[in-house]
Amino acid sequence: MIRYPSFLIIFVILFVAISLYQIKHFISKKEIELARITNDINDARSDLNILKAELSYLKRPDRLENIALNKLRLREILPTDIWNLKDLADVTDSINNGDLK
Amino acid sequence: MKIFDFFDIDLTNFNHSKSRKIKLLVCSLIFVISFTTIGYRTITLASVKKDNLSKTVNKKIETRTFKENLRGNIYDRNNNILATTINTLSLNINPQEVLNKKETIAKLILIFPNLNSEKLLKKLNSNKKHINLLREISPKDYIRLLQIGIEGLKIQKSTKRIYPNNSLASHILGGTDIDGKGIAGIEKKFDSQLQEGESINLSIHSGIQHITKKLLSDQITRFEAEGGAGIVMNAKNGQVYSIVSLPDYNANNYNKTLSKKLFNKATKGIYELGSTLKLITAAIAFESKLINENEVFDVSKPLRVSSRIISDFHPLGYAINIPEVIVHSSNIGSAKIAEKFGPSIQLKYLRSLGLMNILSLEIPELGKPQVIMDKKVLSTMTISYGHGISITPMHLSSATATIVNNGIKVNPTLLLDKTSIENLKIISRETSMKMKSIMRLVVSNKYGTAKKAEVAGYLIGGKTGTAEKINPNGGYFKKKNIVAFTGAFPMNDPQFIITIMIDNPKGQRFSHGYRTAGWVAAPVVKRLVTRIAPILGVKPQLESSSKFSKNLLNYKIRGKNKGANL
C-alpha cells in the first residue's frame with residue numbers, strides 16, 4: 001500500500017526530472033540563439049566599424065584641408081579676422097582718451 | 001554505526017516502533033522540504049520568470065560577444081576613429097578535395113587575376129589539407145566565388161586592424177601583429193583593455209595633429225632637415241593635442257615599415273636641446289633667491305672654465321641681468337647664473353621638473369634623460385645652457401608647462417578622461433610670472449631670438465635653442481644642429497604649450513645661410529599658432545589691454561641686434 005508521503009516524493013521526483021529536461025532543452029535552444037546573436041552582433045559591429053572608418057577616412061584632415069583650400073577657396077583665419085568686444089571697447093576708450101590714434 | 005545513530009536518541013527509554021516512526025517522519029520531512037525547495041526553484045527557473053531569465057542571458061551574451069570578438073576602437077578627442085577592427089574573409093583551399101585542378105585554377109584566376117597559375121598548381125599538387133590562398137578577399141569576390149562554385153574552397157572569417165587616417169598620429173597609435181596583439185604605442189600599452197573590446201579615447205585632436213605635421217614637414221623640406229618633432233599640449237591639465245615625429249609611416253603598414261621611421265623622436269629620442277634649457281636656469285635662479293633680480297653678469301668676454309671656453313653667438317660688451325641673459329640667449333650669462341646657485345640646487349630642480357626621469361606618458365616608447373651628474377662647475381655651467389643634458393622634446397614640453405602653469409607640476413597625458421593635476425608646486429607663482437614675462441619678450445622684443453614666432457594678438461612666448469648634434473661615436477658634429485623652440489600662448493594666461501624640434505637643418509639662401517632655431521623653428525610656431533588658435537578657441541587680444549599688463553611684468557631689454565636669430 002502506497003502512502004501519502006510516498007506519493008508526494010514520487011510526484012516531486014517526476015516533476016524535477018521533467019523540469020530538468022525542460023531546462024536542458026531551454027539551455028540548448030539558448031546556446032544556439034547565443035551563437036546566432038554572437039555572430040549577428042559581431043557582424044553588425046564590424047559593419048558599424050567599417051562605416052565609422054569610412055566616415056573617418058572621408059573626414060581626414062588633409063582631405064578637408066584640400067577641399068577647403070582648393071574647392072571652396074577658403075583661407076585660414078587670421079588674428080585680425082577675430083575681435084572680441086572687450087578689446088574693441090578698450091581700443092575705443094584708448095582712442096577717446098587720446099592714448100591711441 | 002547505525003544509520004539513525006546521529007539522532008542520538010536513547011533507545012532504551014523508547015518503544016522501538018515508536019522511535020522508528022519518529023525517525024521516518026523526520027526523514028520524510030527533510031526529503032519533502034529539500035525536494036519542495038528544489039522543485040520550487042526549478043519551476044521558477046523553467047517557467048515563472050522565463051522572460052527575465054532570457055533578458056539576463058541576452059545581456060550576458062551581448063557583453064561577452066562585445067568583449068570577446070572585436071578589438072576595441074581608438075578615438076581622438078572628437079570621437080573620430082583613429083583605429084578600428086573589421087571582419088575580413090580569407091580564402092583557403094583543401095587540395096585533396098579539388099577534383100579538376102586546371103578548371104579550379106582557371107576559375108580562381110577569373111576572379112583574382114593577380115594569382116599566379118603556376119604557383120597555384122604547385123599548391124594544389126601538395127599533400128597538405130589546408131592552404132591559404134589569399135589573406136583577404138572583398139565581399140564582392142566572396143559572392144562571385146559562391147556563384148561560380150569551386151570545390152574544396154574554404155572561406156574563413158578573420159579580423160583586420162585598420163587606421164583610416166593612414167599616417168596621422170601613427171607613432172602614438174603604434175600597431176598590432178598578425179594575431180592582433182598590440183606591439184607598439186597605445187595598441188601595446190592598452191592591449192588588454194582593447195583585447196576585451198574596450199575603446200580608448202585619446203586627447204589627440206586629429207585636426208591639430210594634421211596641422212602640426214604638415215607645417216613641420218614643410219619646414220623640414222625647406223631646410224633639408226633629417227626629421228623633427230612637434231608637440232601641442234594643454235598647459236593646465238597636460239592633455240596632449242598633438243605629437244608629431246617625422247619621418248613617420250602609414251600605420252596600416254606597421255609591420256613593413258623600417259625601424260628608422262618607427263622611431264618616435266618626440267617621446268623616445270633624447271637630444272641636447274640647447275638654450276631652451278636657459279628657461280629652467282632662470283627659473284631656478286629666481287626661485288632659489290640666491291640671485292638678486294637686478295644683479296648683472298658680465299658677458300663681455302668669453303668664459304674659460306677648465307679646458308673649455310664658453311662664448312656667446314652674439315657677444316655683448318656689457319653686464320646684463322637675468323631677463324637680458326634669456327632674451328639675448330647668452331651662454332656666458334647663463335653659465336655665471338648657474339655657478340651662483342650650484343650643482344645641488346640645479347639637480348634638485350631638474351629632478352622635480354621631471355627632467356631626470358622617464359615620463360609617465362601612456363605609450364611604451366619613452367626615452368630616459370641623460371644628465372651629467374658629476375657636480376663639477378663646468379657641468380653645472382654647460383647644463384645651464386642645455387649641453388650635457390639630453391632630454392626628449394616631450395620632457396621639454398612638460399617642464400615648460402610647469403613653469404608657465406604658476407609652477408604647478410604638469411604631467412603630460414594622452415588620455416581624454418585623465419587630467420594630471422597633482423597640485424605639486426615646483427616653483428612659486430611669482431617666479432612663474434617673471435618667467436612668462438621674459439618668455440614673452442623673447443618673441444616680442446626686437447632683440448629677442450624668436451621674433452619670427454610673433455603673431456599679433458596671440459601673445460606667444462618661449463625660448464629658442466640651437467645645439468650641435470651629438471656624434472654617437474663621441475663628441476659633437478660641428479656642422480649638424482638640433483634646433484628647438486618651446487613656448488606657450490597666450491602668455492598672460494597660458495593655455496597651450498608648443499614645442500618644436502628639427503633635426504639637422506641646412507642653411508638656405510633665403511635664410512642667408514642660417515640654420516638656427518630663430519630661423520628654422522620659430523616660423524613654424526608662428527604658422528602653427530595662427531592656424532590652431534581659432535580651433536582651440538583662443539581669441540586674439542591686444543597687448544595693450546589691462547588683462548595683459550596685469551598678468552605680466554615689463555622688463556627693459558638693452559642691446560643691439562646684429563641680425564642673427566640664435
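Modeller: Phe31(B) and Phe35(B) are 4 residues apart in helix α1 (residues 16-48) of chain B, so about one helical turn separates them; helices (H or I, at least four residues) and strands (E, at least two) are DSSP runs, numbered from the N terminus. Phe31(B) is partly exposed at a relative accessible area of 46%, and Phe35(B) is partly exposed at 22%. Here buried means under 20% relative accessible area, exposed over 50%, and partly exposed in between (1.4 Å probe, protein chains only).

This is a predicted model, in which local features need pLDDT of at least 70, side-chain atom pairs count only at pLDDT 80 or more, and totals for chains, interfaces and linings use all residues. Residues are numbered from 1 along each chain as its sequence is written, chains are lettered from A and ligands numbered from 1 in the order in which they are written, and side-chain values use heavy atoms, without hydrogens and water.

Over all chains, the whole structure holds 7 aromatic pairs. Rings of Phe, Tyr and Trp (its six-membered ring) pair if their centres lie within 6.5 Å; planes under 30 degrees apart count as stacked, over 60 as edge-to-face and the rest as tilted. Phe31(B) and Phe35(B) are stacked, at 6.3 Å centre to centre and 20° between the planes.

Tyr241(B) and Phe496(B) are edge-to-face, because their centres are 5.2 Å apart and their planes at 85°. Tyr241(B) belongs to strand β9 (residues 240-246) and Phe496(B) to strand β20 (residues 496-503), both of chain B, so this pair ties together parts 255 residues apart in sequence.
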